[in-house]
Amino acid sequence: MNFEGLFDFLERLQQNNAKEWMDRHRNQYQEVRKFFVSWLDMMNARLAAIDPAYYDTPGKKAINRINNNLMFAPHKPVYKDHFGAGLDQQSKQGDFYIHIGVNESFIAGGYYKPKPDLLASIREAIDYNGNELHKILNKKSFQNMFGGLIQTGDELTNAPKGFSQDHEHIDLLKYKTFAVERSLTKEEIVSPKFDEQVIEIYLGMLPIRRYLNKAVTV
């Protein structure tokens, strides 16, 4: 099994997105899942070896369920169109998220629409030392890899409560999501160089993830 096989399974699943089809192909699903968990275990070990602060996250803990939660989203199909997993995953902290799917694939990290208490902590960190975050975001290598913070469309028009409109870091304080993303092509994922690319993205993302994780824990 390899990523070509993973994509092939996902494509067939999306053409037959029903429990009856999955039941008939349960063995194939388990084979693909086993491959992805094994790959995650390998990446978990490699990332732990290069980052002393890495939080050990075995593949079985990292991988997300492929079933959609129809109780809260009954309009969605039974199964997702991707495999997702969060490495370096510590409670209440932003993980290193890997999303490999039929329609889109990417690696992301940070805090996507965090809860009010976490958002408040991040804004307090920016108020205290927003220069450090600006330095991370403006670094050329960071810009080339991620472009900047994810734009969700719900950024504030005015200053958040407790901050002045003329705050020196008002551009950052208006964000409600503090995350970055690197899109992936299928060709990149099936390439023999993919593992090294994942490590490169992890290291490139590390400064902003560490800044944000420190903000919500200190």
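Colleague: Which residues do ring pairs link into a cluster?
Modeller: This is a predicted model in which local features need pLDDT of at least 70 and side-chain atom pairs count only at pLDDT 80 or more, while totals for chains, interfaces and linings use all residues. Residues are numbered from 1 along each chain as its sequence is written, and side-chain values use heavy atoms, with hydrogens and water left out. Rings of Phe, Tyr and Trp (its six-membered ring) pair if their centres lie within 6.5 Å; planes under 30 degrees apart are stacked, over 60 edge-to-face and the rest tilted. The cluster linked by ring pairs is Phe3, Phe9, Trp21, Tyr29, Phe35, Phe36, Trp39, Phe83 and Phe194.

Colleague: To how many aromatic pairs does the count come by this rule?
Modeller: A pair of aromatic rings is described by the distance of the centres and the angle of the planes. The rule gives a count of 14 aromatic pairs.

Colleague: What kind of pair do the rings of phenylalanine 3 and phenylalanine 35 form?
Modeller: The ring centres of phenylalanine 3 and phenylalanine 35 are 5.0 Å apart. Their planes stand at 80°, so the pair is edge-to-face.

Colleague: How many residues apart in sequence are the parts that phenylalanine 3 and phenylalanine 35 tie together?
Modeller: Helices (H or I, at least four residues) and strands (E, at least two) are DSSP runs, numbered from the N terminus. Phenylalanine 3 belongs to helix 1 and phenylalanine 35 to helix 3, so the parts tied together are separated in sequence by 32 residues.

Colleague: Are phenylalanine 96 and tyrosine 202 buried or exposed?
Modeller: Phenylalanine 96 and tyrosine 202 form an edge-to-face aromatic pair, with 5.0 Å from centre to centre and 80° between the planes. Phenylalanine 96 lies in strand 2 (residues 96-101) and tyrosine 202 in helix 9 (residues 194-217), so the pair ties together parts 106 residues apart in sequence. Buried means under 20% relative accessible area, exposed over 50%, and partly exposed in between (1.4 Å probe, protein chains only). Phenylalanine 96 and tyrosine 202 are both buried.

Colleague: At roughly what angle do the axes of helix 1 and helix 3 cross?
Modeller: Axes are lines fitted to C-alpha atoms, for helices over the stretch in contact, and angles run from 0 to 180 degrees between N-to-C directions. The axes of helix 1 (residues 3-15) and helix 3 (residues 26-50) come within 10 Å, and the crossing angle is roughly 135°.

Colleague: Which residues in helix 3 does helix 1 meet?
Modeller: Contact means heavy atoms within 4.5 Å. On the helix 1 side are Phe3, Gly5, Leu6, Phe9 and Arg12, and these meet, in helix 3, Gln28, Tyr29, Val32, Phe35, Phe36 and Trp39.

Colleague: How many nonpolar residues has the contact of helix 1 with helix 3?
Modeller: Ala, Val, Leu, Ile, Met, Phe, Trp, Tyr, Cys and Pro count as nonpolar, Asp, Glu, Lys and Arg as charged, and the others, Gly among them, as polar. In the contact of helix 1 with helix 3 there are 2 polar and 1 charged residues, and the nonpolar ones number 8.

Colleague: How are helix 3 and helix 9 placed to each other?
Modeller: The axes of helix 3 and helix 9 come within 11 Å and cross at roughly 45°. Angles under 35 degrees count as roughly parallel, over 145 as roughly antiparallel, 65 to 115 as roughly perpendicular and the rest as oblique. Helix 3 and helix 9 are therefore oblique.

Colleague: How are helix 5 and helix 9 placed to each other?
Modeller: The axes of helix 5 and helix 9 are 8 Å apart, and the packing angle is about 150°. Helix 5 and helix 9 are therefore roughly antiparallel.

Colleague: What is the relative accessible area of aspartate 88?
Modeller: Aspartate 88 sits in the loop between strand 1 (82-87) and strand 2. Its phi is positive, about 50°, although aspartate 88 is not a glycine. Most residues other than glycine have a negative phi. Aspartate 88 is buried, and its relative accessible area is 5%.

Colleague: What is the relative accessible area of lysine 113?
Modeller: Lysine 113 is in the loop between strand 3 (105-111) and helix 5 (116-138). Lysine 113, not a glycine, also has a positive phi, about 45°. Lysine 113 is partly exposed, at a relative accessible area of 45%.

Colleague: With which residues is threonine 157 in contact, leaving aside its neighbours within four places in sequence?
Modeller: Threonine 157 lies in the loop between helix 6 (140-146) and helix 7 (170-173). Threonine 157 is exposed, with a relative accessible area of 64%. Beyond its neighbours within four places in sequence, threonine 157 contacts Gln165 and Lys174.
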